[in-house]
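Me: I would like a close look at a single part of this protein, taken slowly and with its surroundings included. Please describe what packs around that part and which residues make the contacts.

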Amino acid sequence: MARGLSRSLRSDARDNRDRILEAARALFAAEGLDVPMREVARRAGVGPATLYRHFPAKEALVTEAFADQVQACRAIVDEGLREQDPWDGFRLVIERICELHARDRGLTAAFMAAYPHAADFAANRDHALKAIAELARRAKEAGRLRPDFVLDDMVLVLMANDGIRSVSPAARVAASRRFAALVIQAFQATPTPAPLPPAARLALMAGSHAR
């Protein structure tokens, strides 16, 4: 009976952890990382004490919630490196990374944050950035990427992409695709105008006026 009770308690703990992560992912994706921990607990249907027992600090919750997305970033840049044409690989990375980040409002902030106690998280991020730098080097040598591109420009792209505000998640992704196309054209060594993806309806900031 004691063993059965122990298994039941372990199962309950796993269920609570899963519910917390599911709630955190949904809230971070919709609202960003400023969501209070108590709101995560409320959405998960657990008490704050249960949440903090599994995740004593918000850093631990954020890095666990975004582990799959950061791994996906790594997979995208590795796919870009495998492209025979480095410019095609560079374009692929910008398009896929921007879309991935557009689907989750908290991802960019998590990706850019310094988490000293999350070694695996940081390792995947550092790998992604180093791979982008290598891909950029190859694209420059091929004469396709403008020679003054620096890695901080990619960080700037992510920050700008994160600033997109739209009327719906689908519109946000559509706007991100158009933004990525504009960025790619700007990064070309010899810019060549090309058709852009369809425009998306964006949300105006409070107090803004159409001109």
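Reply: Among what covers the buried residues of helix 10 are helix 6 and helix 9, the latter spanning residues 151–162. The model is a predicted one, and in it the buried positions of helix 10 are Ala171, Arg172, Val173, Ala175, Ser176, Ala180, Ala181, Val183, Ile184, Gln185 and Phe187. Helix 10 itself is built from 19 residues and extends 27 Å from its first C-alpha to its last, which is close to the 27 Å expected at 1.5 Å a residue.

Helix 6 (residues 86–102) packs on helix 10 (residues 169–187) at an angle of about 150 degrees, and the two axes are 9 Å apart. Because of that angle, helix 6 is roughly antiparallel to helix 10, and helix 6 passes helix 10 in a right-handed crossing. On the side of helix 6, the contact is made by Trp87, Phe90, Arg91, Ile94, Glu95, Cys98, Glu99, His101 and Ala102, which meet Arg172, Val173, Ser176, Arg177, Ala180, Val183, Ile184 and Phe187 of helix 10. Sorted by class, the residues of this contact of helix 6 with helix 10 are 10 nonpolar, 2 polar and 5 charged.

Arg172, which lies in helix 10, deserves a separate word. Arg172 counts as buried because its relative accessible area is 6%, under the 20% cut-off. Leaving out residues up to four places away in sequence, Arg172 touches His101, Ala102, Arg105, Asn161, Asp162, Ile164, Arg165 and Ser166. Of these, His101 and Ala102 are also listed on the helix 6 side of the contact with helix 10.

Helix 9, the other named cover, also packs against helix 6: their axes come within 10 Å and cross at roughly 35 degrees, in a right-handed crossing. Here Ile94, Ile97, Cys98, His101 and Ala102 of helix 6 meet Met154, Val157, Leu158 and Asn161 of helix 9, and this contact of helix 6 with helix 9 divides into 7 nonpolar, 2 polar and no charged residues.

Helix 6 has a further partner in helix 5 (residues 67–82), with which it packs at an angle of about 165 degrees, the axes being 8 Å apart. Helix 5 is therefore roughly antiparallel to helix 6, and the crossing of these two helices is right-handed. Gln69, Ala72, Cys73, Ile76, Val77, Glu79 and Gly80 of helix 5 make this contact with Gly89, Leu92, Val93, Arg96, Ile97, Leu100 and His101 of helix 6. By class, the contact of helix 5 with helix 6 comprises 8 nonpolar, 4 polar and 2 charged residues.

The segment after helix 10 includes Leu202, which counts as partly exposed because its relative accessibility is 46%. Leu202 and Ser166 are 36 residues apart in sequence, yet their C-alpha atoms are 4.0 Å apart in space. Apart from its neighbours within four places in sequence, Leu202 is in contact with Ile164, Arg165, Ser166, Val167 and Ala175, and Ala175 is one of the buried residues of helix 10.

As for the setting, the protein has 10 helices and 0 strands, and 38% of its 211 residues count as buried. Among contacts between residues at least 6 apart in sequence, 67% join residues at least 24 apart.

Key
Residues numbered from 1 in each chain as written. Predicted model: local features only at pLDDT ≥ 70, side-chain atom pairs only at ≥ 80, totals over all residues. Heavy atoms only, no water. Axes fitted to C-alpha atoms, helices over the stretch in contact; angles between N-to-C directions. Helix = DSSP H or I, 4+ residues; strand = E, 2+ residues; numbered from the N terminus. Parallel < 35°, antiparallel > 145°, perpendicular 65-115°, else oblique. Left-handed = near helix turned anticlockwise from the far one by under 90°. Contact = heavy atoms within 4.5 Å. Nonpolar A, V, L, I, M, F, W, Y, C, P; charged D, E, K, R; others polar. Expected span 1.5 Å × (residues − 1). Buried < 20%, exposed > 50% of the residue type's maximum accessible area, 1.4 Å probe, protein only.
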